[in-house]
Amino acid sequence: MSSSTNGKKRSSWRLLLLVPFIATLWVPFYNRVEPTFIGIPFFYWYLLLWAPLSALITWIVFSRSDSPDNDR
Amino acid sequence: MNWTMIGVFLALFVFVTILGFVAARWRHGDLTQLHEWGLGGRRFGTVVTWFLLGGDVYTAYTFIAVPALVFGAGAIGFFALPYTIIVYPLVFLVLPRLWWVSHKHNYVTGADFVRGRYGSPTLALLVALTGILATMPYIALQLVGIEVIIAALGFHAGGWAADLPLIIAFVVLAAYTYTSGLRAPALISIVKDLLIYITVIAAVIIIPMQLGGFGKIFAAVPHAKMLLAAPPAASLGSYGAFATLAFGSALALFAYPHTMTGVLSGKNPRVLRRNMALLPAYTLVLGLLALLGFMALAAGVDKLPAFASGFQQYKANFAVPALILHSFPAWFSGVAFAAIVIGALVPAAIMSIAAANLFTRNIYREYFRPQCSSAEEARVAKWASLVVKAGALIFVLELPSIYAIQFQLLGGVWIAQIIPAVALGLYTRWWHRGGLALGWLCGMVVGTWMVASLHFAGTVYPLHLFGFTIPAYAALWGLILNLIVAFVFTLIFRALHLAEGQDATAPGDYTGQSAQ
(Lines give C-alpha, C1' and ligand atoms only; values in the text may rest on other atoms or scores of the structure.)
Protein backbone atom coordinates (compact mmCIF):
# COMPACT_ATOMS: atom_id res chain seq x y z
CA MET A 1 0.00 0.00 0.00
CA SER A 2 1.41 3.40 -0.90
CA SER A 3 1.96 5.84 1.94
CA SER A 4 -0.65 8.29 0.63
CA THR A 5 -3.55 5.82 0.64
CA ASN A 6 -2.37 4.69 4.04
CA GLY A 7 -2.53 8.32 5.18
CA LYS A 8 -6.03 8.77 3.78
CA LYS A 9 -7.26 5.66 5.51
CA ARG A 10 -5.83 6.89 8.77
CA SER A 11 -7.44 10.31 8.56
CA SER A 12 -10.87 8.87 7.81
CA TRP A 13 -10.60 6.86 11.02
CA ARG A 14 -9.75 10.09 12.75
CA LEU A 15 -13.08 11.62 11.74
CA LEU A 16 -14.53 9.34 14.41
CA LEU A 17 -12.97 11.66 16.97
CA LEU A 18 -15.55 14.30 16.05
CA VAL A 19 -18.37 12.17 17.44
CA PRO A 20 -17.74 12.94 21.15
CA PHE A 21 -17.70 16.66 20.36
CA ILE A 22 -21.11 16.62 18.70
CA ALA A 23 -22.59 14.25 21.26
CA THR A 24 -21.58 16.26 24.31
CA LEU A 25 -21.68 19.87 23.08
CA TRP A 26 -25.14 19.79 21.50
CA VAL A 27 -27.03 20.50 24.72
CA PRO A 28 -30.71 20.37 23.56
CA PHE A 29 -30.10 16.73 22.76
CA TYR A 30 -29.76 15.64 26.37
CA ASN A 31 -31.06 18.42 28.61
CA ARG A 32 -33.95 16.43 30.12
CA VAL A 33 -34.81 14.32 33.14
CA GLU A 34 -36.41 11.25 31.51
CA PRO A 35 -35.49 8.47 31.12
CA THR A 36 -33.84 8.17 34.50
CA PHE A 37 -31.35 5.44 35.38
CA ILE A 38 -31.26 4.19 39.01
CA GLY A 39 -32.75 7.55 39.94
CA ILE A 40 -30.20 9.61 37.98
CA PRO A 41 -31.72 12.04 35.44
CA PHE A 42 -30.86 11.52 31.75
CA PHE A 43 -28.74 14.70 31.59
CA TYR A 44 -26.28 13.26 34.12
CA TRP A 45 -26.05 9.62 33.17
CA TYR A 46 -25.85 10.47 29.48
CA LEU A 47 -22.79 12.64 30.06
CA LEU A 48 -21.26 10.06 32.43
CA LEU A 49 -21.77 7.38 29.78
CA TRP A 50 -19.84 9.45 27.24
CA ALA A 51 -16.64 9.22 29.27
CA PRO A 52 -16.09 5.50 28.53
CA LEU A 53 -17.62 5.84 25.03
CA SER A 54 -15.18 8.58 24.13
CA ALA A 55 -12.33 6.49 25.53
CA LEU A 56 -13.46 3.57 23.38
CA ILE A 57 -13.56 5.73 20.24
CA THR A 58 -10.12 7.17 20.97
CA TRP A 59 -8.82 3.66 21.55
CA ILE A 60 -10.22 2.44 18.22
CA VAL A 61 -8.59 5.34 16.39
CA PHE A 62 -5.36 4.70 18.29
CA SER A 63 -5.21 1.01 17.47
CA ARG A 64 -6.07 1.67 13.81
CA SER A 65 -3.11 4.00 13.57
CA ASP A 66 -0.86 2.09 15.94
CA SER A 67 1.98 0.86 13.83
CA PRO A 68 5.50 2.24 14.07
CA ASP A 69 4.96 3.71 10.62
CA ASN A 70 1.86 5.59 11.66
CA ASP A 71 3.44 7.19 14.66
CA ARG A 72 4.76 9.79 12.36
CA MET B 1 -10.36 19.06 66.99
CA ASN B 2 -10.36 15.39 66.17
CA TRP B 3 -6.91 13.92 66.71
CA THR B 4 -7.60 10.61 64.96
CA MET B 5 -8.44 12.47 61.79
CA ILE B 6 -5.48 14.83 62.09
CA GLY B 7 -3.13 11.93 62.91
CA VAL B 8 -4.10 9.97 59.79
CA PHE B 9 -3.89 13.11 57.70
CA LEU B 10 -0.44 14.05 58.99
CA ALA B 11 0.95 10.52 58.62
CA LEU B 12 -0.02 10.46 54.93
CA PHE B 13 1.24 13.98 54.39
CA VAL B 14 4.64 13.22 55.92
CA PHE B 15 4.87 10.03 53.85
CA VAL B 16 4.46 11.84 50.52
CA THR B 17 6.80 14.60 51.62
CA ILE B 18 9.55 12.04 52.17
CA LEU B 19 8.65 10.52 48.81
CA GLY B 20 9.04 13.96 47.22
CA PHE B 21 12.61 14.27 48.42
CA VAL B 22 13.50 10.66 47.63
CA ALA B 23 12.26 11.25 44.07
CA ALA B 24 15.48 13.13 43.32
CA ARG B 25 17.24 9.74 43.18
CA TRP B 26 14.57 8.05 41.06
CA ARG B 27 15.65 7.19 37.48
CA HIS B 28 18.84 8.92 38.26
CA GLY B 29 19.66 11.95 36.18
CA ASP B 30 21.79 15.06 36.44
CA LEU B 31 19.40 17.49 38.11
CA THR B 32 21.58 20.45 37.24
CA GLN B 33 20.26 20.14 33.65
CA LEU B 34 16.95 21.80 32.81
CA HIS B 35 15.55 18.91 30.78
CA GLU B 36 16.37 16.53 33.66
CA TRP B 37 14.92 18.76 36.40
CA GLY B 38 11.99 20.10 34.37
CA LEU B 39 11.09 17.17 32.08
CA GLY B 40 12.32 14.17 34.06
CA GLY B 41 14.86 13.49 31.32
CA ARG B 42 12.03 12.91 28.77
CA ARG B 43 12.00 9.24 29.72
CA PHE B 44 8.56 8.62 31.21
CA GLY B 45 6.61 5.66 29.83
CA THR B 46 2.87 5.04 29.55
CA VAL B 47 2.21 4.44 33.22
CA VAL B 48 4.11 7.38 34.67
CA THR B 49 2.78 9.69 31.95
CA TRP B 50 -0.72 8.54 32.80
CA PHE B 51 -0.27 9.49 36.43
CA LEU B 52 1.46 12.72 35.56
CA LEU B 53 -1.13 13.95 33.04
CA GLY B 54 -3.88 12.74 35.36
CA GLY B 55 -2.20 14.72 38.11
CA ASP B 56 -2.50 17.79 35.92
CA VAL B 57 -6.19 17.58 35.31
CA TYR B 58 -7.58 15.98 38.43
CA THR B 59 -6.83 18.36 41.20
CA ALA B 60 -8.58 20.54 43.72
CA TYR B 61 -10.54 21.48 40.59
CA THR B 62 -12.15 18.03 40.58
CA PHE B 63 -12.56 17.60 44.29
CA ILE B 64 -13.52 21.05 45.51
CA ALA B 65 -14.26 23.46 42.67
CA VAL B 66 -16.54 21.42 40.38
CA PRO B 67 -18.71 19.88 43.15
CA ALA B 68 -18.94 23.35 44.73
CA LEU B 69 -20.36 24.75 41.48
CA VAL B 70 -22.80 21.85 41.20
CA PHE B 71 -23.80 22.38 44.84
CA GLY B 72 -24.36 26.11 44.36
CA ALA B 73 -25.48 26.43 40.75
CA GLY B 74 -26.63 22.96 39.71
CA ALA B 75 -26.47 21.46 36.21
CA ILE B 76 -24.22 24.17 34.74
CA GLY B 77 -21.37 22.82 36.91
CA PHE B 78 -21.50 19.64 34.89
CA PHE B 79 -19.85 21.45 31.95
CA ALA B 80 -16.65 19.96 33.39
CA LEU B 81 -17.74 16.59 32.04
CA PRO B 82 -17.96 17.42 28.32
CA TYR B 83 -14.79 19.46 28.90
CA THR B 84 -12.81 16.45 30.10
CA ILE B 85 -14.44 14.20 27.49
CA ILE B 86 -13.47 16.23 24.42
CA VAL B 87 -10.06 17.34 25.61
CA TYR B 88 -8.50 13.94 24.89
CA PRO B 89 -9.45 13.57 21.23
CA LEU B 90 -8.18 17.14 20.83
CA VAL B 91 -4.84 16.42 22.45
CA PHE B 92 -4.61 13.08 20.65
CA LEU B 93 -4.65 14.85 17.30
CA VAL B 94 -2.39 17.79 17.97
CA LEU B 95 0.22 17.18 20.62
CA PRO B 96 2.18 14.32 19.02
CA ARG B 97 3.26 16.88 16.41
CA LEU B 98 4.52 19.12 19.19
CA TRP B 99 6.35 16.18 20.71
CA TRP B 100 8.18 15.35 17.50
CA VAL B 101 9.25 18.87 16.69
CA SER B 102 10.29 19.51 20.31
CA HIS B 103 12.30 16.34 20.42
CA LYS B 104 14.09 17.18 17.20
CA HIS B 105 15.00 20.73 18.24
CA ASN B 106 15.31 20.20 21.98
CA TYR B 107 12.40 22.51 22.84
CA VAL B 108 11.38 22.49 26.50
CA THR B 109 8.39 24.85 26.27
CA GLY B 110 5.68 25.92 23.83
CA ALA B 111 7.40 29.30 23.61
CA ASP B 112 10.63 27.57 22.48
CA PHE B 113 8.65 26.15 19.60
CA VAL B 114 7.12 29.51 18.69
CA ARG B 115 10.57 31.10 18.70
CA GLY B 116 11.93 28.44 16.35
CA ARG B 117 8.88 28.37 14.10
CA TYR B 118 8.51 32.11 13.58
CA GLY B 119 12.07 33.25 14.31
CA SER B 120 10.51 35.67 16.78
CA PRO B 121 11.81 36.07 20.34
CA THR B 122 9.09 38.68 20.87
CA LEU B 123 6.23 36.30 20.05
CA ALA B 124 7.94 33.69 22.23
CA LEU B 125 8.10 36.24 25.05
CA LEU B 126 4.35 36.92 24.75
CA VAL B 127 3.63 33.18 24.83
CA ALA B 128 5.89 32.72 27.86
CA LEU B 129 4.41 35.66 29.78
CA THR B 130 0.88 34.43 29.07
CA GLY B 131 1.79 30.95 30.29
CA ILE B 132 3.25 32.26 33.54
CA LEU B 133 0.34 34.64 34.16
CA ALA B 134 -2.34 32.03 33.40
CA THR B 135 -0.69 29.43 35.61
CA MET B 136 -0.91 31.63 38.71
CA PRO B 137 -4.71 31.61 39.16
CA TYR B 138 -4.72 27.87 38.40
CA ILE B 139 -2.24 27.30 41.23
CA ALA B 140 -4.37 29.69 43.31
CA LEU B 141 -7.29 27.30 42.90
CA GLN B 142 -5.13 24.54 44.38
CA LEU B 143 -4.24 26.76 47.33
CA VAL B 144 -7.92 27.51 47.94
CA GLY B 145 -8.55 23.77 47.99
CA ILE B 146 -5.82 23.27 50.58
CA GLU B 147 -7.13 26.20 52.63
CA VAL B 148 -10.64 24.74 52.73
CA ILE B 149 -9.36 21.34 53.88
CA ILE B 150 -7.22 22.88 56.58
CA ALA B 151 -10.31 24.65 57.88
CA ALA B 152 -12.23 21.36 57.75
CA LEU B 153 -9.48 19.69 59.79
CA GLY B 154 -10.44 22.09 62.54
CA PHE B 155 -7.70 24.71 62.50
CA HIS B 156 -9.75 27.76 63.23
CA ALA B 157 -7.10 29.97 64.76
CA GLY B 158 -7.36 33.72 64.25
CA GLY B 159 -4.80 36.12 62.80
CA TRP B 160 -1.50 34.91 61.39
CA ALA B 161 -1.81 31.46 62.97
CA ALA B 162 -4.78 30.76 60.66
CA ASP B 163 -2.49 30.93 57.65
CA LEU B 164 0.26 28.85 59.26
CA PRO B 165 -0.79 25.38 58.03
CA LEU B 166 -1.21 26.69 54.47
CA ILE B 167 2.24 28.27 54.64
CA ILE B 168 3.76 25.01 55.93
CA ALA B 169 2.15 23.00 53.11
CA PHE B 170 3.37 25.64 50.70
CA VAL B 171 6.97 25.54 51.98
CA VAL B 172 7.07 21.74 51.84
CA LEU B 173 5.79 21.83 48.27
CA ALA B 174 8.33 24.47 47.28
CA ALA B 175 11.20 22.55 48.90
CA TYR B 176 10.71 19.23 47.18
CA THR B 177 9.92 20.79 43.83
CA TYR B 178 13.18 22.69 44.18
CA THR B 179 15.27 19.62 44.96
CA SER B 180 13.62 16.93 42.81
CA GLY B 181 11.98 18.76 39.88
CA LEU B 182 9.37 16.89 37.85
CA ARG B 183 10.35 13.55 39.37
CA ALA B 184 8.69 14.56 42.67
CA PRO B 185 5.15 15.13 41.39
CA ALA B 186 5.48 12.14 39.03
CA LEU B 187 6.26 9.80 41.92
CA ILE B 188 3.77 11.36 44.34
CA SER B 189 1.02 11.21 41.68
CA ILE B 190 0.97 7.46 42.02
CA VAL B 191 0.24 7.59 45.76
CA LYS B 192 -2.13 10.47 45.24
CA ASP B 193 -4.21 8.56 42.71
CA LEU B 194 -4.42 5.52 44.96
CA LEU B 195 -5.75 7.69 47.80
CA ILE B 196 -8.15 9.46 45.46
CA TYR B 197 -9.56 6.25 44.03
CA ILE B 198 -10.11 4.84 47.51
CA THR B 199 -11.87 8.03 48.57
CA VAL B 200 -14.00 8.27 45.44
CA ILE B 201 -15.12 4.66 45.53
CA ALA B 202 -16.03 4.95 49.19
CA ALA B 203 -17.83 8.25 48.60
CA VAL B 204 -19.95 7.16 45.65
CA ILE B 205 -20.97 3.90 47.30
CA ILE B 206 -21.39 4.82 50.96
CA ILE B 207 -22.88 8.30 50.73
CA PRO B 208 -25.74 7.42 48.31
CA MET B 209 -26.51 4.41 50.55
CA GLN B 210 -26.71 6.67 53.58
CA LEU B 211 -28.94 9.09 51.70
CA GLY B 212 -31.26 6.36 50.42
CA GLY B 213 -30.14 6.09 46.76
CA PHE B 214 -29.79 8.42 43.80
CA GLY B 215 -33.55 8.79 43.45
CA LYS B 216 -33.73 10.39 46.90
CA ILE B 217 -30.66 12.51 46.23
CA PHE B 218 -32.09 14.00 43.03
CA ALA B 219 -35.49 14.42 44.65
CA ALA B 220 -33.80 16.84 47.06
CA VAL B 221 -32.32 18.92 44.24
CA PRO B 222 -34.39 22.06 43.56
CA HIS B 223 -36.02 22.08 40.12
CA ALA B 224 -34.00 25.07 38.93
CA LYS B 225 -30.71 23.27 39.57
CA MET B 226 -31.66 19.93 38.05
CA LEU B 227 -31.38 20.87 34.36
CA LEU B 228 -30.07 23.79 32.33
CA ALA B 229 -32.72 26.49 32.02
CA ALA B 230 -34.24 26.49 28.53
CA PRO B 231 -32.95 29.55 26.66
CA PRO B 232 -35.32 32.53 26.39
CA ALA B 233 -36.27 33.85 22.93
CA ALA B 234 -33.42 35.39 20.91
CA SER B 235 -30.74 34.04 23.20
CA LEU B 236 -28.61 30.94 23.51
CA GLY B 237 -29.04 31.23 27.28
CA SER B 238 -27.44 28.68 29.52
CA TYR B 239 -26.94 26.28 26.59
CA GLY B 240 -24.39 28.69 25.13
CA ALA B 241 -22.68 29.09 28.49
CA PHE B 242 -22.54 25.33 29.11
CA ALA B 243 -21.17 24.34 25.70
CA THR B 244 -18.66 27.18 25.43
CA LEU B 245 -17.34 26.68 28.96
CA ALA B 246 -16.71 23.04 28.06
CA PHE B 247 -15.16 23.75 24.67
CA GLY B 248 -13.14 26.76 25.84
CA SER B 249 -11.79 24.87 28.87
CA ALA B 250 -10.70 21.99 26.63
CA LEU B 251 -8.86 24.33 24.26
CA ALA B 252 -7.29 26.13 27.21
CA LEU B 253 -6.15 23.00 29.02
CA PHE B 254 -4.12 21.88 26.14
CA ALA B 255 -2.34 25.23 25.82
CA TYR B 256 -1.32 25.36 29.49
CA PRO B 257 2.42 25.13 30.08
CA HIS B 258 2.00 22.20 32.46
CA THR B 259 0.13 20.14 29.83
CA MET B 260 3.09 20.69 27.51
CA THR B 261 5.44 19.60 30.29
CA GLY B 262 3.43 16.41 30.79
CA VAL B 263 3.43 15.76 27.06
CA LEU B 264 7.10 16.47 26.47
CA SER B 265 8.23 14.29 29.36
CA GLY B 266 6.71 11.21 27.68
CA LYS B 267 9.23 9.01 25.97
CA ASN B 268 7.48 8.82 22.59
CA PRO B 269 4.21 9.86 20.88
CA ARG B 270 2.80 6.36 21.13
CA VAL B 271 2.92 6.70 24.90
CA LEU B 272 0.91 9.91 24.55
CA ARG B 273 -1.67 8.54 22.13
CA ARG B 274 -2.25 5.47 24.22
CA ASN B 275 -2.73 7.70 27.24
CA MET B 276 -5.36 9.76 25.48
CA ALA B 277 -7.44 6.61 25.23
CA LEU B 278 -6.83 5.68 28.88
CA LEU B 279 -7.16 9.06 30.60
CA PRO B 280 -10.98 9.32 30.27
CA ALA B 281 -11.11 6.85 33.16
CA TYR B 282 -10.43 9.94 35.22
CA THR B 283 -13.34 11.73 33.57
CA LEU B 284 -15.73 9.18 34.94
CA VAL B 285 -14.30 9.85 38.39
CA LEU B 286 -14.69 13.58 37.85
CA GLY B 287 -18.34 13.10 36.98
CA LEU B 288 -18.99 11.01 40.06
CA LEU B 289 -17.25 13.61 42.20
CA ALA B 290 -19.35 16.36 40.63
CA LEU B 291 -22.39 14.48 41.91
CA LEU B 292 -21.03 14.97 45.44
CA GLY B 293 -22.32 18.53 45.06
CA PHE B 294 -25.89 17.21 44.88
CA MET B 295 -25.23 14.72 47.67
CA ALA B 296 -24.15 17.65 49.86
CA LEU B 297 -27.43 19.36 48.98
CA ALA B 298 -29.42 16.23 49.81
CA ALA B 299 -27.58 15.75 53.10
CA GLY B 300 -28.31 19.39 53.91
CA VAL B 301 -24.80 19.95 55.27
CA ASP B 302 -25.06 23.70 54.78
CA LYS B 303 -27.83 23.82 57.37
CA LEU B 304 -25.95 21.93 60.08
CA PRO B 305 -24.68 24.24 62.82
CA ALA B 306 -21.33 22.40 62.98
CA PHE B 307 -20.47 23.62 59.49
CA ALA B 308 -21.98 27.11 59.67
CA SER B 309 -18.67 28.90 60.08
CA GLY B 310 -17.03 26.88 57.28
CA PHE B 311 -19.81 27.75 54.83
CA GLN B 312 -19.77 31.35 55.94
CA GLN B 313 -16.08 31.68 55.19
CA TYR B 314 -15.64 29.42 52.14
CA LYS B 315 -19.19 29.43 50.72
CA ALA B 316 -20.00 26.52 48.39
CA ASN B 317 -16.33 25.46 48.34
CA PHE B 318 -16.94 23.98 51.79
CA ALA B 319 -19.63 21.58 50.50
CA VAL B 320 -17.43 18.54 49.89
CA PRO B 321 -15.34 18.79 53.06
CA ALA B 322 -18.55 19.17 55.08
CA LEU B 323 -20.10 16.17 53.34
CA ILE B 324 -17.02 14.06 54.09
CA LEU B 325 -17.02 15.06 57.76
CA HIS B 326 -20.74 14.38 57.92
CA SER B 327 -20.63 10.95 56.22
CA PHE B 328 -17.41 9.24 57.27
CA PRO B 329 -15.71 8.13 60.49
CA ALA B 330 -12.89 10.40 61.59
CA TRP B 331 -10.01 8.21 60.40
CA PHE B 332 -11.44 8.00 56.90
CA SER B 333 -12.01 11.75 56.77
CA GLY B 334 -8.27 11.96 57.44
CA VAL B 335 -7.56 9.76 54.40
CA ALA B 336 -9.95 11.72 52.19
CA PHE B 337 -8.55 15.08 53.25
CA ALA B 338 -4.99 13.87 52.68
CA ALA B 339 -6.06 12.74 49.19
CA ILE B 340 -7.45 16.18 48.41
CA VAL B 341 -4.49 18.14 49.80
CA ILE B 342 -1.93 15.93 48.03
CA GLY B 343 -4.13 16.10 44.95
CA ALA B 344 -3.76 19.88 45.10
CA LEU B 345 -0.03 19.93 45.85
CA VAL B 346 0.98 17.67 42.94
CA PRO B 347 -0.48 19.82 40.17
CA ALA B 348 0.72 22.96 41.92
CA ALA B 349 4.25 21.50 41.70
CA ILE B 350 3.88 20.52 38.02
CA MET B 351 2.41 23.91 37.14
CA SER B 352 5.12 25.87 38.87
CA ILE B 353 7.81 23.77 37.18
CA ALA B 354 6.24 24.42 33.79
CA ALA B 355 6.04 28.15 34.41
CA ALA B 356 9.64 28.12 35.66
CA ASN B 357 10.78 26.41 32.45
CA LEU B 358 9.11 29.22 30.49
CA PHE B 359 10.75 31.96 32.50
CA THR B 360 14.20 30.44 32.25
CA ARG B 361 14.19 29.47 28.61
CA ASN B 362 12.25 32.27 27.04
CA ILE B 363 12.88 35.26 29.25
CA TYR B 364 16.06 34.81 31.29
CA ARG B 365 18.23 33.14 28.68
CA GLU B 366 16.71 35.07 25.80
CA TYR B 367 16.93 38.55 27.25
CA PHE B 368 19.33 38.52 30.19
CA ARG B 369 21.97 35.81 29.92
CA PRO B 370 22.17 34.34 26.41
CA GLN B 371 25.48 32.69 27.31
CA CYS B 372 24.33 31.07 30.54
CA SER B 373 25.38 27.47 31.21
CA SER B 374 22.81 24.70 31.49
CA ALA B 375 23.58 24.42 35.20
CA GLU B 376 22.75 28.10 35.65
CA GLU B 377 19.59 27.57 33.60
CA ALA B 378 18.41 24.79 35.92
CA ARG B 379 19.27 26.87 38.99
CA VAL B 380 17.27 29.88 37.77
CA ALA B 381 14.32 27.60 36.96
CA LYS B 382 14.31 26.32 40.54
CA TRP B 383 14.10 29.85 41.89
CA ALA B 384 11.49 30.87 39.34
CA SER B 385 9.28 27.98 40.50
CA LEU B 386 9.22 29.62 43.94
CA VAL B 387 8.30 33.04 42.56
CA VAL B 388 5.38 31.62 40.53
CA LYS B 389 3.92 30.02 43.64
CA ALA B 390 4.24 33.30 45.52
CA GLY B 391 2.33 34.97 42.65
CA ALA B 392 -0.43 32.40 43.08
CA LEU B 393 -0.72 33.34 46.76
CA ILE B 394 -1.40 36.93 45.71
CA PHE B 395 -4.33 35.78 43.56
CA VAL B 396 -5.77 33.89 46.54
CA LEU B 397 -5.50 36.91 48.78
CA GLU B 398 -6.61 39.59 46.31
CA LEU B 399 -9.42 38.14 44.19
CA PRO B 400 -12.90 37.56 45.54
CA SER B 401 -13.95 33.95 45.04
CA ILE B 402 -17.45 32.73 45.57
CA TYR B 403 -16.57 29.74 43.41
CA ALA B 404 -12.97 28.51 43.33
CA ILE B 405 -13.54 27.42 39.73
CA GLN B 406 -13.44 31.05 38.61
CA PHE B 407 -9.68 31.06 39.18
CA GLN B 408 -9.17 28.27 36.69
CA LEU B 409 -11.58 29.83 34.22
CA LEU B 410 -9.74 33.15 34.47
CA GLY B 411 -6.45 31.37 33.66
CA GLY B 412 -8.22 29.79 30.69
CA VAL B 413 -9.25 33.19 29.29
CA TRP B 414 -5.58 34.14 29.12
CA ILE B 415 -3.96 30.90 28.02
CA ALA B 416 -6.46 30.42 25.16
CA GLN B 417 -4.94 33.46 23.48
CA ILE B 418 -1.70 31.62 22.63
CA ILE B 419 -3.56 28.92 20.69
CA PRO B 420 -3.23 30.62 17.28
CA ALA B 421 0.56 30.95 17.66
CA VAL B 422 1.20 27.49 19.15
CA ALA B 423 -1.48 25.11 17.86
CA LEU B 424 -2.01 26.56 14.38
CA GLY B 425 1.75 26.90 14.11
CA LEU B 426 2.06 23.13 14.35
CA TYR B 427 0.18 22.79 11.07
CA THR B 428 0.93 25.86 9.02
CA ARG B 429 3.38 28.70 8.65
CA TRP B 430 0.78 30.82 6.90
CA TRP B 431 0.19 33.24 9.80
CA HIS B 432 2.47 36.27 10.07
CA ARG B 433 4.26 36.68 13.39
CA GLY B 434 3.20 40.35 13.60
CA GLY B 435 -0.43 39.44 13.00
CA LEU B 436 -0.27 36.74 15.68
CA ALA B 437 1.21 39.22 18.15
CA LEU B 438 -1.52 41.80 17.48
CA GLY B 439 -4.23 39.13 17.64
CA TRP B 440 -2.84 38.00 20.98
CA LEU B 441 -2.93 41.58 22.29
CA CYS B 442 -6.57 42.11 21.28
CA GLY B 443 -7.62 38.73 22.68
CA MET B 444 -5.91 39.39 26.01
CA VAL B 445 -7.31 42.91 26.39
CA VAL B 446 -10.88 42.02 25.44
CA GLY B 447 -10.93 38.74 27.39
CA THR B 448 -9.62 40.43 30.52
CA TRP B 449 -11.97 43.37 30.08
CA MET B 450 -14.96 41.05 29.83
CA VAL B 451 -14.03 39.23 33.04
CA ALA B 452 -13.32 42.55 34.78
CA SER B 453 -16.76 43.81 33.75
CA LEU B 454 -18.14 40.80 35.60
CA HIS B 455 -16.05 41.86 38.62
CA PHE B 456 -13.95 38.69 38.34
CA ALA B 457 -16.91 36.76 39.76
CA GLY B 458 -17.82 35.09 36.45
CA THR B 459 -16.35 34.37 33.03
CA VAL B 460 -19.46 33.94 30.88
CA TYR B 461 -19.96 37.15 28.95
CA PRO B 462 -23.30 37.75 27.18
CA LEU B 463 -22.57 39.35 23.82
CA HIS B 464 -25.46 41.13 22.06
CA LEU B 465 -25.29 40.73 18.31
CA PHE B 466 -28.04 41.88 15.92
CA GLY B 467 -30.70 41.55 18.60
CA PHE B 468 -29.47 38.09 19.59
CA THR B 469 -27.82 37.35 22.91
CA ILE B 470 -24.99 34.84 23.03
CA PRO B 471 -23.65 34.14 26.51
CA ALA B 472 -20.28 32.44 26.06
CA TYR B 473 -17.02 31.84 27.88
CA ALA B 474 -14.84 34.95 27.56
CA ALA B 475 -11.88 32.76 26.51
CA LEU B 476 -13.72 31.99 23.27
CA TRP B 477 -14.77 35.60 22.61
CA GLY B 478 -11.13 36.62 23.07
CA LEU B 479 -9.94 33.80 20.82
CA ILE B 480 -12.40 34.66 18.02
CA LEU B 481 -11.29 38.29 18.03
CA ASN B 482 -7.67 37.12 18.26
CA LEU B 483 -8.06 35.00 15.11
CA ILE B 484 -9.83 37.74 13.15
CA VAL B 485 -7.17 40.32 13.99
CA ALA B 486 -4.34 37.86 13.30
CA PHE B 487 -5.92 36.97 9.94
CA VAL B 488 -6.42 40.55 8.79
CA PHE B 489 -2.96 41.69 9.87
CA THR B 490 -1.29 38.66 8.32
CA LEU B 491 -2.73 39.81 4.99
CA ILE B 492 -1.74 43.42 5.63
CA PHE B 493 1.81 42.67 6.78
CA ARG B 494 2.36 40.34 3.89
CA ALA B 495 1.16 43.00 1.45
CA LEU B 496 3.64 45.40 3.07
CA HIS B 497 6.41 42.77 2.76
CA LEU B 498 7.23 42.90 6.46
CA ALA B 499 9.97 40.42 7.42
CA GLU B 500 8.55 36.93 8.06
CA GLY B 501 11.31 35.60 10.28
CA GLN B 502 13.32 32.43 9.77
CA ASP B 503 11.57 29.08 10.24
CA ALA B 504 14.03 26.76 11.97
CA THR B 505 11.80 23.72 11.47
CA ALA B 506 11.24 21.53 8.42
CA PRO B 507 7.91 19.84 7.54
CA GLY B 508 9.35 16.39 8.34
CA ASP B 509 10.19 17.52 11.90
CA TYR B 510 6.51 17.36 12.86
CA THR B 511 6.07 13.74 12.01
CA GLY B 512 9.47 12.38 12.98
CA GLN B 513 10.43 11.61 9.38
CA SER B 514 13.47 13.85 9.43
CA ALA B 515 14.75 12.13 12.55
CA GLN B 516 15.75 9.10 10.51
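Modeller: Two residues are in contact when heavy atoms lie within 4.5 Å. This is a predicted model, in which local features need pLDDT of at least 70 and side-chain atom pairs count only at pLDDT 80 or more, while totals for chains, interfaces and linings use all residues. Residues are numbered from 1 along each chain as its sequence is written, chains are lettered from A and ligands numbered from 1 in the order in which they are written, and side-chain values use heavy atoms, with hydrogens and water left out.

Colleague: Take B:Gln408. Which residues does B:Gln408 touch, not counting those up to four places away in sequence?

Modeller: B:Gln408 touches B:Tyr61, B:Tyr83, B:Tyr138, B:Leu141, B:Tyr256 and B:Tyr473, with residues up to four places away in sequence not counted. B:Gln408 sits in helix 20 (residues 405-415) of chain B; helices (H or I, at least four residues) and strands (E, at least two) are DSSP runs, numbered from the N terminus.

Colleague: Is B:Gln408 buried or exposed?

Modeller: Buried means under 20% relative accessible area, exposed over 50%, and partly exposed in between (1.4 Å probe, protein chains only). B:Gln408 has a relative accessible area of 3%, so B:Gln408 counts as buried.

Colleague: How many residues of helix 14 of chain B are buried?

Modeller: Helix 14 (residues 269-278) of chain B is mostly covered, as seven of its 10 residues are buried. The buried ones are B:Pro269, B:Val271, B:Leu272, B:Arg273, B:Asn275, B:Met276 and B:Ala277.

Colleague: Which side chain does B:Arg429 meet in a salt bridge?

Modeller: B:Arg429 meets B:Glu500 at 3.7 Å, N to O. That pair links distant parts of the chain, 71 residues apart: B:Arg429 is in the loop between helix 21 (419-422) and helix 22 (433-453) of chain B, and B:Glu500 is in the segment after helix 23 of chain B. B:Glu500 also forms a salt bridge with B:Arg494, at 2.7 Å, N to O. B:Glu500 is partly exposed at 27% relative accessibility, and B:Arg494 is partly exposed at 27%. Salt bridges that share partners join B:Arg117, B:Arg429, B:Arg494, B:Glu500 and B:Asp503 into one network.

Colleague: How many residues does the contact take from chain A and from chain B?

Modeller: The contact takes 33 residues from chain A and 40 residues from chain B. The buried area (accessible area, 1.4 Å probe, that two parts lose on being put together, summed over both) is about 3400 Å² between chain A and chain B, and carbon and sulfur atoms give 75% of it. The count of salt bridges between chain A and chain B is zero.

Colleague: Which elements give two or more residues to the side of chain A that touches chain B?

Modeller: They are helix 2 (18-25) and helix 3 (42-64) of chain A. Helix 3 of chain A gives the most to that side, with 13 residues.

Colleague: Where is B:Leu498 found?

Modeller: B:Leu498 is in the segment after helix 23 (474-495) of chain B. B:Leu498 is partly exposed, with a relative accessible area of 39%.

How values were computed:
Salt bridge = Lys/Arg side-chain N within 4 Å of Asp/Glu carboxyl O.
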